[in-house]
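Mentor: Have a look at the sequence and the structure below.

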Amino acid sequence: MVGASRLPSLSRISVVGLGYVGLTVAAVLASKGFKVIGVDTDEEKVSEVSLGRCPVHEPGLDVLVRRSVRRHNLSATTDYNAIRETSVTFITVGTPSSNDGGIDLSYIQSASRSIGESLSGKRERHLVVVKSTVVPGTTQRVIVPTLESSSNHRVGESLFVCVNPEFLREGSAVKDMLHPDRLVLGDAGDGSSNLLLNLYKVLYRKKMPPVLKTNYVNAELIKYANNVFLATRISLINEFANLCQLIPGADVNVVAQGIGLDERIGPHFLRAGIGFGGSCFPKDLRAIITLSRELGHDPELIRVTYEVNERRPGVVIKMAEDLLGDLKGRRVAILGLAFKPNTDDVREAPALKLVKLFAEKKAEVKAYDPVAGENAKRVLGNAVTIVDSIEECLRGADLCVLATEWDEFRALRPEHFIGFMREPVLIDGRRIYDPKEFSSKMRFRAIGLGTNDG
Ligand code: UGA
(Lines give C-alpha, C1' and ligand atoms only; values in the text may rest on other atoms or scores of the structure.)
Protein backbone atom coordinates (compact mmCIF):
# COMPACT_ATOMS: atom_id res chain seq x y z
CA MET A 1 0.00 0.00 0.00
CA VAL A 2 1.09 3.55 -0.64
CA GLY A 3 1.49 5.44 2.62
CA ALA A 4 1.18 9.19 2.97
CA SER A 5 4.95 9.52 3.50
CA ARG A 6 5.51 7.89 0.13
CA LEU A 7 3.44 10.38 -1.83
CA PRO A 8 5.25 12.06 -4.68
CA SER A 9 5.09 15.82 -4.74
CA LEU A 10 2.01 16.67 -6.74
CA SER A 11 2.89 20.14 -7.81
CA ARG A 12 4.47 19.26 -11.18
CA ILE A 13 2.20 17.58 -13.67
CA SER A 14 2.53 16.41 -17.26
CA VAL A 15 -0.37 15.81 -19.62
CA VAL A 16 0.23 13.63 -22.66
CA GLY A 17 -2.12 14.42 -25.56
CA LEU A 18 -3.40 17.96 -26.04
CA GLY A 19 -6.86 17.39 -27.51
CA TYR A 20 -9.83 19.08 -25.85
CA VAL A 21 -9.65 16.73 -22.84
CA GLY A 22 -5.88 16.97 -22.30
CA LEU A 23 -5.76 20.70 -22.80
CA THR A 24 -8.72 21.25 -20.48
CA VAL A 25 -7.15 19.11 -17.76
CA ALA A 26 -3.81 20.88 -18.24
CA ALA A 27 -5.22 24.40 -18.29
CA VAL A 28 -7.59 23.92 -15.34
CA LEU A 29 -4.80 22.44 -13.17
CA ALA A 30 -2.45 25.23 -14.26
CA SER A 31 -5.07 27.85 -13.46
CA LYS A 32 -5.19 26.48 -9.90
CA GLY A 33 -1.45 26.93 -9.44
CA PHE A 34 -0.03 23.54 -10.49
CA LYS A 35 2.99 23.61 -12.80
CA VAL A 36 1.79 21.78 -15.88
CA ILE A 37 3.58 20.73 -19.03
CA GLY A 38 1.61 19.46 -22.00
CA VAL A 39 3.26 16.88 -24.25
CA ASP A 40 2.08 16.20 -27.78
CA THR A 41 3.71 14.91 -30.95
CA ASP A 42 1.88 17.56 -33.03
CA GLU A 43 4.41 20.39 -33.37
CA GLU A 44 1.83 22.91 -34.54
CA LYS A 45 -0.38 22.28 -31.52
CA VAL A 46 2.60 22.53 -29.17
CA SER A 47 3.77 25.82 -30.63
CA GLU A 48 0.23 27.26 -30.45
CA VAL A 49 -0.11 26.34 -26.77
CA SER A 50 3.42 27.58 -26.04
CA LEU A 51 2.36 30.96 -27.40
CA GLY A 52 -0.67 30.95 -25.13
CA ARG A 53 -3.12 30.17 -27.93
CA CYS A 54 -5.85 27.57 -27.77
CA PRO A 55 -5.91 25.21 -30.79
CA VAL A 56 -9.48 23.96 -30.14
CA HIS A 57 -12.80 25.80 -29.93
CA GLU A 58 -13.83 25.24 -26.33
CA PRO A 59 -15.65 27.94 -24.35
CA GLY A 60 -13.45 29.46 -21.62
CA LEU A 61 -10.39 27.40 -22.49
CA ASP A 62 -8.64 30.13 -24.49
CA VAL A 63 -8.62 32.46 -21.49
CA LEU A 64 -7.26 29.77 -19.16
CA VAL A 65 -4.51 28.78 -21.61
CA ARG A 66 -3.47 32.38 -22.24
CA ARG A 67 -3.40 33.27 -18.57
CA SER A 68 -1.63 30.10 -17.45
CA VAL A 69 1.08 30.38 -20.10
CA ARG A 70 1.64 34.03 -19.19
CA ARG A 71 2.01 33.08 -15.51
CA HIS A 72 4.43 30.29 -16.48
CA ASN A 73 2.17 27.62 -15.00
CA LEU A 74 1.52 26.02 -18.38
CA SER A 75 3.97 25.11 -21.11
CA ALA A 76 4.05 22.59 -23.94
CA THR A 77 6.62 20.44 -25.65
CA THR A 78 7.07 17.58 -28.11
CA ASP A 79 9.85 16.17 -25.91
CA TYR A 80 8.70 13.26 -23.74
CA ASN A 81 11.76 13.68 -21.51
CA ALA A 82 9.92 16.59 -19.88
CA ILE A 83 7.83 13.97 -18.06
CA ARG A 84 10.83 13.02 -15.93
CA GLU A 85 10.71 16.42 -14.23
CA THR A 86 7.09 15.92 -13.18
CA SER A 87 5.61 13.54 -10.61
CA VAL A 88 2.17 12.89 -12.12
CA THR A 89 1.40 12.16 -15.80
CA PHE A 90 -2.10 12.16 -17.23
CA ILE A 91 -2.57 10.12 -20.40
CA THR A 92 -5.21 11.89 -22.53
CA VAL A 93 -4.42 10.61 -26.02
CA GLY A 94 -7.19 9.60 -28.41
CA THR A 95 -8.54 6.07 -28.71
CA PRO A 96 -10.23 6.10 -32.14
CA SER A 97 -12.11 3.26 -33.80
CA SER A 98 -10.13 0.70 -35.74
CA ASN A 99 -11.49 -0.69 -39.02
CA ASP A 100 -13.40 -3.52 -37.32
CA GLY A 101 -15.13 -1.06 -34.95
CA GLY A 102 -12.87 -2.07 -32.06
CA ILE A 103 -10.61 0.31 -30.22
CA ASP A 104 -7.35 1.46 -31.81
CA LEU A 105 -4.80 1.49 -29.00
CA SER A 106 -1.81 2.62 -31.06
CA TYR A 107 -1.66 6.09 -29.45
CA ILE A 108 -2.07 4.55 -26.00
CA GLN A 109 0.75 2.11 -26.70
CA SER A 110 3.17 4.66 -28.06
CA ALA A 111 2.37 7.15 -25.28
CA SER A 112 2.87 4.45 -22.61
CA ARG A 113 6.16 3.42 -24.19
CA SER A 114 7.46 6.99 -24.39
CA ILE A 115 6.34 7.77 -20.84
CA GLY A 116 8.10 4.60 -19.59
CA GLU A 117 11.29 5.44 -21.47
CA SER A 118 11.41 8.91 -20.01
CA LEU A 119 10.95 7.47 -16.51
CA SER A 120 13.65 4.80 -16.82
CA GLY A 121 16.41 5.52 -14.32
CA LYS A 122 14.21 7.97 -12.42
CA ARG A 123 14.40 7.22 -8.69
CA GLU A 124 11.55 9.35 -7.37
CA ARG A 125 8.04 7.95 -7.37
CA HIS A 126 5.76 8.69 -10.30
CA LEU A 127 2.01 8.38 -10.81
CA VAL A 128 0.54 7.71 -14.26
CA VAL A 129 -3.18 8.47 -14.63
CA VAL A 130 -5.13 6.88 -17.50
CA LYS A 131 -7.78 9.39 -18.55
CA SER A 132 -8.18 8.20 -22.12
CA THR A 133 -11.23 6.02 -22.72
CA VAL A 134 -9.97 2.43 -22.90
CA VAL A 135 -11.96 -0.82 -23.04
CA PRO A 136 -11.98 -2.91 -19.87
CA GLY A 137 -8.74 -4.82 -19.42
CA THR A 138 -6.56 -2.35 -21.37
CA THR A 139 -4.79 -0.83 -18.39
CA GLN A 140 -3.83 -4.20 -16.92
CA ARG A 141 -3.06 -5.92 -20.21
CA VAL A 142 -1.50 -3.13 -22.28
CA ILE A 143 -0.61 0.01 -20.34
CA VAL A 144 0.98 -1.51 -17.23
CA PRO A 145 3.19 -4.02 -19.11
CA THR A 146 4.27 -1.37 -21.63
CA LEU A 147 5.17 1.09 -18.88
CA GLU A 148 7.04 -1.61 -16.96
CA SER A 149 9.06 -2.90 -19.88
CA SER A 150 10.04 0.54 -21.17
CA SER A 151 10.85 2.04 -17.74
CA ASN A 152 12.38 -0.96 -15.98
CA HIS A 153 10.20 -0.12 -12.98
CA ARG A 154 7.61 -2.38 -11.43
CA VAL A 155 4.14 -0.86 -11.09
CA GLY A 156 3.32 -0.67 -7.38
CA GLU A 157 6.93 -0.03 -6.31
CA SER A 158 8.09 3.36 -7.54
CA LEU A 159 5.69 3.64 -10.44
CA PHE A 160 1.94 3.83 -9.82
CA VAL A 161 -0.96 3.65 -12.27
CA CYS A 162 -4.55 4.82 -11.76
CA VAL A 163 -7.53 4.75 -14.09
CA ASN A 164 -9.50 7.97 -13.84
CA PRO A 165 -12.05 8.29 -16.67
CA GLU A 166 -13.19 11.73 -17.75
CA PHE A 167 -16.79 12.78 -18.26
CA LEU A 168 -16.11 16.13 -19.94
CA ARG A 169 -18.51 17.24 -22.65
CA GLU A 170 -17.18 19.16 -25.60
CA GLY A 171 -18.51 22.68 -25.46
CA SER A 172 -18.59 22.69 -21.65
CA ALA A 173 -15.35 20.86 -20.83
CA VAL A 174 -13.92 23.60 -18.61
CA LYS A 175 -17.10 23.84 -16.57
CA ASP A 176 -17.31 20.05 -16.28
CA MET A 177 -13.68 19.82 -15.13
CA LEU A 178 -14.24 22.51 -12.51
CA HIS A 179 -17.52 21.00 -11.25
CA PRO A 180 -17.55 17.25 -11.84
CA ASP A 181 -20.50 15.13 -10.64
CA ARG A 182 -18.05 12.57 -9.23
CA LEU A 183 -14.54 11.21 -9.46
CA VAL A 184 -13.93 7.60 -10.40
CA LEU A 185 -10.53 6.32 -9.32
CA GLY A 186 -9.37 2.82 -10.18
CA ASP A 187 -6.14 1.30 -8.90
CA ALA A 188 -4.42 -2.06 -8.65
CA GLY A 189 -5.36 -2.55 -5.01
CA ASP A 190 -2.15 -0.80 -3.94
CA GLY A 191 -3.99 2.28 -2.67
CA SER A 192 -2.36 4.47 -5.29
CA SER A 193 -5.67 6.19 -6.04
CA ASN A 194 -5.02 8.03 -2.75
CA LEU A 195 -2.17 9.82 -4.51
CA LEU A 196 -4.56 11.09 -7.12
CA LEU A 197 -7.18 11.89 -4.53
CA ASN A 198 -4.67 14.18 -2.82
CA LEU A 199 -4.21 16.07 -6.05
CA TYR A 200 -7.97 16.45 -6.48
CA LYS A 201 -8.32 17.60 -2.86
CA VAL A 202 -5.96 20.46 -3.65
CA LEU A 203 -7.87 21.21 -6.84
CA TYR A 204 -11.41 21.09 -5.44
CA ARG A 205 -10.75 22.00 -1.78
CA LYS A 206 -14.12 22.39 -0.02
CA LYS A 207 -16.04 21.51 -3.18
CA MET A 208 -14.83 17.90 -3.40
CA PRO A 209 -17.23 15.85 -5.53
CA PRO A 210 -18.26 12.34 -4.44
CA VAL A 211 -15.46 9.82 -5.00
CA LEU A 212 -15.78 6.20 -6.10
CA LYS A 213 -12.67 4.10 -5.58
CA THR A 214 -12.49 0.79 -7.39
CA ASN A 215 -10.22 -1.43 -9.50
CA TYR A 216 -8.99 -0.83 -13.05
CA VAL A 217 -11.67 -2.74 -14.95
CA ASN A 218 -14.62 -1.24 -13.11
CA ALA A 219 -13.26 2.26 -13.66
CA GLU A 220 -12.82 1.44 -17.36
CA LEU A 221 -16.32 -0.06 -17.54
CA ILE A 222 -17.98 2.88 -15.79
CA LYS A 223 -16.88 5.19 -18.58
CA TYR A 224 -18.44 2.98 -21.26
CA ALA A 225 -21.59 2.27 -19.25
CA ASN A 226 -21.99 6.02 -18.75
CA ASN A 227 -21.77 6.88 -22.43
CA VAL A 228 -23.87 3.90 -23.50
CA PHE A 229 -26.56 4.79 -20.97
CA LEU A 230 -26.76 8.39 -22.20
CA ALA A 231 -26.75 7.29 -25.85
CA THR A 232 -29.52 4.79 -25.10
CA ARG A 233 -31.70 7.51 -23.60
CA ILE A 234 -31.25 9.51 -26.79
CA SER A 235 -32.13 6.58 -29.07
CA LEU A 236 -35.12 5.72 -26.89
CA ILE A 237 -36.56 9.22 -27.06
CA ASN A 238 -35.80 9.27 -30.79
CA GLU A 239 -37.79 6.06 -31.17
CA PHE A 240 -40.71 7.83 -29.48
CA ALA A 241 -40.12 10.76 -31.82
CA ASN A 242 -40.68 8.38 -34.76
CA LEU A 243 -43.89 7.21 -33.15
CA CYS A 244 -45.08 10.75 -32.36
CA GLN A 245 -44.64 11.74 -36.00
CA LEU A 246 -47.31 9.18 -36.90
CA ILE A 247 -49.86 10.36 -34.34
CA PRO A 248 -51.71 13.67 -34.93
CA GLY A 249 -51.34 15.95 -31.91
CA ALA A 250 -48.37 14.06 -30.48
CA ASP A 251 -45.24 15.96 -29.46
CA VAL A 252 -42.12 14.16 -28.24
CA ASN A 253 -40.97 17.26 -26.35
CA VAL A 254 -44.05 17.13 -24.17
CA VAL A 255 -43.54 13.39 -23.68
CA ALA A 256 -39.90 13.98 -22.68
CA GLN A 257 -40.94 16.72 -20.30
CA GLY A 258 -43.51 14.45 -18.71
CA ILE A 259 -41.21 11.51 -18.14
CA GLY A 260 -38.34 13.80 -17.12
CA LEU A 261 -40.35 14.87 -14.10
CA ASP A 262 -40.20 11.32 -12.78
CA GLU A 263 -37.29 11.47 -10.36
CA ARG A 264 -36.24 7.99 -11.38
CA ILE A 265 -35.84 9.17 -14.97
CA GLY A 266 -34.78 12.84 -14.71
CA PRO A 267 -34.81 15.43 -17.51
CA HIS A 268 -31.36 15.06 -19.09
CA PHE A 269 -30.44 13.53 -22.43
CA LEU A 270 -34.02 13.29 -23.60
CA ARG A 271 -33.79 15.77 -26.44
CA ALA A 272 -35.05 14.12 -29.60
CA GLY A 273 -33.31 15.09 -32.81
CA ILE A 274 -31.28 13.94 -35.77
CA GLY A 275 -29.12 11.78 -33.54
CA PHE A 276 -25.95 11.77 -31.51
CA GLY A 277 -22.53 12.29 -33.05
CA GLY A 278 -19.12 13.43 -31.91
CA SER A 279 -15.88 11.73 -31.10
CA CYS A 280 -17.25 9.70 -28.17
CA PHE A 281 -20.71 8.11 -28.27
CA PRO A 282 -20.56 6.42 -31.72
CA LYS A 283 -16.96 5.27 -31.24
CA ASP A 284 -17.51 4.03 -27.67
CA LEU A 285 -20.62 2.12 -28.67
CA ARG A 286 -18.75 0.42 -31.50
CA ALA A 287 -15.84 -0.42 -29.18
CA ILE A 288 -18.00 -1.99 -26.47
CA ILE A 289 -20.06 -3.90 -29.05
CA THR A 290 -16.86 -5.28 -30.59
CA LEU A 291 -15.37 -6.17 -27.21
CA SER A 292 -18.60 -7.89 -26.12
CA ARG A 293 -18.63 -9.99 -29.29
CA GLU A 294 -14.99 -10.92 -28.78
CA LEU A 295 -16.02 -12.15 -25.35
CA GLY A 296 -18.83 -14.20 -26.89
CA HIS A 297 -21.70 -11.90 -25.92
CA ASP A 298 -24.13 -10.13 -28.25
CA PRO A 299 -24.96 -6.76 -26.61
CA GLU A 300 -28.39 -6.42 -28.25
CA LEU A 301 -29.57 -3.23 -26.61
CA ILE A 302 -26.33 -1.38 -27.34
CA ARG A 303 -26.41 -2.58 -30.93
CA VAL A 304 -29.98 -1.32 -31.39
CA THR A 305 -29.13 2.01 -29.73
CA TYR A 306 -26.43 2.42 -32.36
CA GLU A 307 -28.62 1.30 -35.27
CA VAL A 308 -31.51 3.59 -34.30
CA ASN A 309 -29.01 6.45 -34.29
CA GLU A 310 -27.62 5.52 -37.70
CA ARG A 311 -31.13 5.88 -39.14
CA ARG A 312 -31.76 9.40 -37.78
CA PRO A 313 -30.60 11.42 -40.81
CA GLY A 314 -32.76 9.17 -43.04
CA VAL A 315 -35.83 10.27 -41.07
CA VAL A 316 -35.19 13.85 -42.19
CA ILE A 317 -34.75 12.80 -45.81
CA LYS A 318 -38.10 11.01 -45.67
CA MET A 319 -39.74 14.15 -44.23
CA ALA A 320 -38.14 16.25 -46.97
CA GLU A 321 -39.48 13.91 -49.67
CA ASP A 322 -42.94 13.98 -48.11
CA LEU A 323 -42.84 17.76 -48.26
CA LEU A 324 -41.19 18.35 -51.64
CA GLY A 325 -41.39 15.10 -53.59
CA ASP A 326 -38.29 14.36 -55.68
CA LEU A 327 -35.31 16.19 -54.18
CA LYS A 328 -33.31 16.31 -57.41
CA GLY A 329 -32.27 19.87 -58.18
CA ARG A 330 -33.99 21.20 -55.05
CA ARG A 331 -32.06 23.76 -53.06
CA VAL A 332 -31.55 22.69 -49.48
CA ALA A 333 -30.19 24.94 -46.73
CA ILE A 334 -28.61 23.21 -43.73
CA LEU A 335 -28.22 25.31 -40.61
CA GLY A 336 -25.48 23.86 -38.38
CA LEU A 337 -22.74 21.35 -39.12
CA ALA A 338 -21.00 20.76 -35.77
CA PHE A 339 -22.12 17.61 -33.94
CA LYS A 340 -23.54 19.92 -31.28
CA PRO A 341 -23.44 23.66 -30.49
CA ASN A 342 -20.42 25.47 -29.01
CA THR A 343 -17.82 23.34 -30.75
CA ASP A 344 -16.14 23.29 -34.15
CA ASP A 345 -16.00 19.49 -34.03
CA VAL A 346 -17.73 17.74 -36.93
CA ARG A 347 -16.60 14.19 -36.15
CA GLU A 348 -19.51 11.83 -36.89
CA ALA A 349 -21.83 14.85 -36.93
CA PRO A 350 -25.37 13.86 -38.01
CA ALA A 351 -25.51 17.09 -40.05
CA LEU A 352 -22.69 15.84 -42.26
CA LYS A 353 -24.49 12.55 -42.87
CA LEU A 354 -27.56 14.57 -43.76
CA VAL A 355 -25.62 16.63 -46.30
CA LYS A 356 -24.30 13.46 -47.91
CA LEU A 357 -27.80 11.95 -48.15
CA PHE A 358 -29.22 15.11 -49.74
CA ALA A 359 -26.28 15.17 -52.17
CA GLU A 360 -26.99 11.52 -53.08
CA LYS A 361 -30.55 12.61 -53.90
CA LYS A 362 -28.97 15.21 -56.21
CA ALA A 363 -30.20 18.15 -54.18
CA GLU A 364 -28.10 21.33 -54.20
CA VAL A 365 -26.92 21.80 -50.64
CA LYS A 366 -25.76 25.00 -48.99
CA ALA A 367 -24.75 24.96 -45.36
CA TYR A 368 -23.77 27.41 -42.67
CA ASP A 369 -22.25 26.91 -39.24
CA PRO A 370 -20.94 29.70 -36.98
CA VAL A 371 -17.58 27.95 -36.41
CA ALA A 372 -17.46 24.45 -37.93
CA GLY A 373 -17.64 25.42 -41.63
CA GLU A 374 -13.94 24.92 -42.36
CA ASN A 375 -13.79 21.54 -40.65
CA ALA A 376 -16.93 20.42 -42.48
CA LYS A 377 -15.53 21.54 -45.84
CA ARG A 378 -12.50 19.30 -45.30
CA VAL A 379 -14.76 16.27 -44.83
CA LEU A 380 -17.49 17.05 -47.36
CA GLY A 381 -15.54 18.58 -50.24
CA ASN A 382 -17.84 19.32 -53.18
CA ALA A 383 -20.96 17.75 -51.68
CA VAL A 384 -21.87 21.11 -50.20
CA THR A 385 -21.35 24.84 -50.60
CA ILE A 386 -20.35 26.29 -47.25
CA VAL A 387 -21.46 29.89 -46.87
CA ASP A 388 -20.67 32.61 -44.35
CA SER A 389 -24.09 33.69 -43.12
CA ILE A 390 -27.59 32.48 -42.37
CA GLU A 391 -28.95 34.82 -45.02
CA GLU A 392 -26.68 33.42 -47.74
CA CYS A 393 -27.62 29.92 -46.70
CA LEU A 394 -31.36 30.54 -46.84
CA ARG A 395 -31.49 32.72 -49.94
CA GLY A 396 -33.35 30.97 -52.75
CA ALA A 397 -33.71 27.68 -50.85
CA ASP A 398 -36.70 25.34 -51.23
CA LEU A 399 -36.15 23.70 -47.87
CA CYS A 400 -34.23 24.45 -44.70
CA VAL A 401 -33.15 21.85 -42.14
CA LEU A 402 -32.09 23.02 -38.70
CA ALA A 403 -29.37 20.49 -37.86
CA THR A 404 -27.42 21.98 -34.91
CA GLU A 405 -29.07 24.09 -32.24
CA TRP A 406 -26.69 27.09 -32.09
CA ASP A 407 -28.09 30.09 -30.19
CA GLU A 408 -28.01 32.30 -33.28
CA PHE A 409 -30.45 29.91 -35.00
CA ARG A 410 -32.81 29.98 -32.02
CA ALA A 411 -33.26 33.71 -32.62
CA LEU A 412 -34.71 33.16 -36.12
CA ARG A 413 -38.43 33.82 -36.64
CA PRO A 414 -40.71 32.61 -39.46
CA GLU A 415 -40.29 36.01 -41.17
CA HIS A 416 -36.56 35.34 -41.68
CA PHE A 417 -37.25 32.09 -43.51
CA ILE A 418 -40.16 33.57 -45.48
CA GLY A 419 -38.07 36.61 -46.42
CA PHE A 420 -35.07 34.73 -47.80
CA MET A 421 -36.27 31.36 -49.08
CA ARG A 422 -37.81 30.61 -52.46
CA GLU A 423 -40.26 28.23 -50.77
CA PRO A 424 -40.40 28.67 -47.01
CA VAL A 425 -40.34 25.07 -45.81
CA LEU A 426 -38.57 24.24 -42.56
CA ILE A 427 -37.67 20.97 -40.84
CA ASP A 428 -36.65 21.49 -37.24
CA GLY A 429 -34.18 18.68 -36.60
CA ARG A 430 -33.40 19.74 -33.04
CA ARG A 431 -36.74 20.99 -31.79
CA ILE A 432 -35.79 24.59 -31.09
CA TYR A 433 -38.76 26.32 -32.73
CA ASP A 434 -42.26 26.78 -31.37
CA PRO A 435 -44.49 24.58 -33.58
CA LYS A 436 -47.53 26.83 -33.09
CA GLU A 437 -45.75 29.98 -34.19
CA PHE A 438 -44.01 28.37 -37.15
CA SER A 439 -46.86 26.16 -38.38
CA SER A 440 -49.20 29.13 -38.53
CA LYS A 441 -46.88 31.08 -40.85
CA MET A 442 -45.03 28.56 -43.03
CA ARG A 443 -44.76 24.89 -43.96
CA PHE A 444 -43.15 23.42 -40.90
CA ARG A 445 -42.21 19.93 -39.76
CA ALA A 446 -40.22 18.87 -36.74
CA ILE A 447 -38.68 15.71 -35.36
CA GLY A 448 -41.16 14.05 -33.02
CA LEU A 449 -44.11 16.25 -33.94
CA GLY A 450 -47.29 14.55 -35.14
CA THR A 451 -48.97 15.98 -38.20
CA ASN A 452 -52.37 15.35 -39.71
CA ASP A 453 -50.94 14.11 -42.98
CA GLY A 454 -48.41 11.62 -41.52
C1 UGA B 1 -20.00 12.82 -24.20
C2 UGA B 1 -20.44 12.65 -22.74
O3 UGA B 1 -21.61 13.46 -22.49
C4 UGA B 1 -19.32 13.09 -21.78
O5 UGA B 1 -19.71 12.86 -20.44
C6 UGA B 1 -18.07 12.27 -22.11
O7 UGA B 1 -16.98 12.66 -21.29
C8 UGA B 1 -17.69 12.46 -23.56
O9 UGA B 1 -18.80 12.06 -24.40
C10 UGA B 1 -16.50 11.58 -23.84
O11 UGA B 1 -16.65 10.35 -23.82
O12 UGA B 1 -15.37 12.09 -23.93
P13 UGA B 1 -19.83 14.87 -25.90
O14 UGA B 1 -19.68 13.82 -26.95
O15 UGA B 1 -18.89 15.99 -25.87
O16 UGA B 1 -19.77 14.20 -24.43
O17 UGA B 1 -21.26 15.54 -26.06
P18 UGA B 1 -22.74 15.30 -25.49
O19 UGA B 1 -23.21 16.56 -24.90
O20 UGA B 1 -22.83 14.10 -24.65
O21 UGA B 1 -23.55 15.07 -26.84
C22 UGA B 1 -23.29 13.96 -27.69
C23 UGA B 1 -24.27 13.94 -28.83
O24 UGA B 1 -25.57 13.61 -28.36
C25 UGA B 1 -24.42 15.26 -29.57
O26 UGA B 1 -24.47 15.02 -30.96
C27 UGA B 1 -25.75 15.81 -29.09
O28 UGA B 1 -26.38 16.64 -30.03
C29 UGA B 1 -26.53 14.53 -28.86
N30 UGA B 1 -27.62 14.66 -27.88
C31 UGA B 1 -27.34 14.93 -26.57
C32 UGA B 1 -28.93 14.48 -28.29
O33 UGA B 1 -29.21 14.20 -29.47
N34 UGA B 1 -29.93 14.56 -27.34
C35 UGA B 1 -29.66 14.84 -26.03
O36 UGA B 1 -30.64 14.89 -25.23
C37 UGA B 1 -28.34 15.03 -25.65
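**Checking the words against the numbers**

Mentor: Let's start with Lys 362, which sits in the loop between α13 (350-360) and β10 (364-368). Helices (H or I, at least four residues) and strands (E, at least two) are DSSP runs, numbered from the N terminus. Keep in mind that this is a predicted model, where local features need pLDDT of at least 70 and side-chain atom pairs pLDDT 80 or more, while totals for chains, interfaces and linings use all residues. Residues are numbered from 1 along each chain as its sequence is written, and side-chain values use heavy atoms, leaving out hydrogens and water.

Trainee: Why does Lys 362 count as exposed?

Mentor: Its relative accessible area is 56%. Exposed means over 50%, buried under 20%, and partly exposed in between (1.4 Å probe, protein chains only). So Lys 362 is exposed. Its phi is near 65°, a positive value in a residue other than glycine.

Trainee: And what about Asn 152: is it buried or exposed?

Mentor: At 70% relative accessibility, Asn 152 is exposed. Asn 152 is in the loop between α5 (138-151) and β6 (159-163), and its phi is also near 65°, positive again in a non-glycine residue.

Trainee: Why is Thr 77 called buried?

Mentor: Thr 77, in strand β3 (residues 74-77), has a relative accessible area of 16%, so it counts as buried. A polar atom of its side chain lies 2.9 Å from the backbone nitrogen of Asp 79.

Trainee: What makes Phe 417 and Phe 438 an edge-to-face pair?

Mentor: There are eight aromatic pairs in the structure. In this one, the centres are 6.1 Å apart, with 70° between the planes. Rings of Phe, Tyr and Trp (its six-membered ring) pair if their centres lie within 6.5 Å; planes under 30 degrees apart count as stacked, over 60 as edge-to-face and the rest as tilted. The pair links distant parts of the chain, 21 residues apart: Phe 417 is in helix α17 (residues 414-420) and Phe 438 in helix α18 (residues 435-441). Both Phe 417 and Phe 438 are buried.

Trainee: Why is the pair of Phe 438 and Phe 444 called tilted?

Mentor: Their centres are 5.5 Å apart and their planes meet at 40°, so the pair is tilted. Phe 438 has a relative accessible area of 0%, which makes it buried, and Phe 444 is buried too, at 8%. Ring pairs join Phe 417, Tyr 433, Phe 438 and Phe 444 into a cluster.

Trainee: How do you know that the ligand lies between domain 1 and domain 2?

Mentor: Domain 1 (4-209) and domain 2 (243-446) both give residues to the shell around the ligand, so the ligand lies between them. The domain bounds come from an automatic or database domain assignment.

Trainee: Which residues surrounding the ligand are the closest?

Mentor: Of the 21 residues surrounding the ligand, the closest are Leu 168, Glu 170, Lys 223, Asn 227 and Lys 340. Near means that one of a residue's heavy atoms lies within 4 Å of the molecule. A backbone N or O atom of Leu 168 is 2.8 Å from an oxygen atom of the ligand, and a backbone N or O atom of Phe 339 is likewise 2.8 Å from a ligand oxygen. The ligand taken alone exposes 710 Å², and the protein buries 97% of that.

Technical notes. Polar contact = N/O pair within 3.5 Å; in protein donor to acceptor, adjacent residues only side chain to side chain. Areas by Shrake-Rupley, 256 points an atom, 1.4 Å probe, with all protein chains shown as cover.
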